[in-house]
Amino acid sequence: MAATKKKAKRKYSPSAGKDVKNEMHRYKRGTATSGPGGKGGKVKSRKQAIAIGLSKARKEGKRVPAKR
């Protein structure tokens with residue numbers, strides 16, 4: 001009896017990955033800012049840039065797991 005393999009579902013939508021990629025690009029160029037409306041300071045870490053990208057994806061209703 002052969003077990004059928006189920007294809008693994010992506011946790012993050014491809015478009016959410018594009019949002020993170022875009023934010024990382026802005027971070028590397030030094031144009032990424034944090035806070036509401038970008039009124040905060042410059043993004044200083046990769047982790048912060050990734051978090052901002054995921055947050056933007058969540059606001060747009062893309063498939064992203066909820067925060068821990």
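How many nonpolar, polar and charged residues does the lining of the largest pocket have? Keep that one in mind, everyone; we will get there together.

First, some ground rules. What you see is a predicted model, where local features need pLDDT of at least 70 and side-chain atom pairs count only at pLDDT 80 or more, while totals for chains, interfaces and linings use all residues. Residues are numbered from 1 along each chain as its sequence is written, and side-chain values use heavy atoms, leaving out hydrogens and water.

Now the overall picture. The protein chain has 2 helices and 0 strands; helices are DSSP runs of H or I with at least four residues, strands are runs of E with at least two, and both are numbered from the N terminus. The C-alpha trace spans about 60 × 20 × 20 Å along its principal axes. Of the 68 residues, 22% count as buried, and buried means under 20% relative accessible area, with exposed over 50% and partly exposed in between, using a 1.4 Å probe and protein chains only.

Let's zoom in on the loop. Val 43 sits between α1 (14-29) and α2 (46-59), and Ser 34 is in the loop between α1 and α2 too. Are they buried or exposed? Val 43 counts as buried because its relative accessibility is 8%, and Ser 34 counts as buried because its value is 18%.

Who do they touch? Contact means heavy atoms within 4.5 Å. Not counting residues up to four places away in sequence, Val 43 touches Tyr 27, Ala 32, Thr 33, Ser 34, Gln 48, Ala 49 and Ile 52. With neighbours within four places again left aside, the contacts of Ser 34 include Val 43, Gln 48 and Ile 52.

On to the pocket. Its volume is about 190 Å³. A pocket here is an open set of points on a 1 Å grid over the protein atoms alone, with protein on both sides within 12 Å along at least five of seven lines, and lining residues have an atom within 4 Å of a point. Among the lining residues are Glu 23, Ser 34 and Ile 52. Two or more lining residues come from each of α1 and α2, and α2 gives the most, with 4 residues.

So, back to my opening question. The lining has 2 nonpolar, 6 polar and 4 charged residues. Here Ala, Val, Leu, Ile, Met, Phe, Trp, Tyr, Cys and Pro count as nonpolar, Asp, Glu, Lys and Arg as charged, and the others, Gly among them, as polar.

Terms used: 1 Å grid on protein atoms, 1.4 Å probe; cavity = no way out; pocket = protein on both sides within 12 Å on 5 of 7 lines; lining within 4 Å. Points joined across faces, edges and corners; volume = space filled by probe spheres on them.
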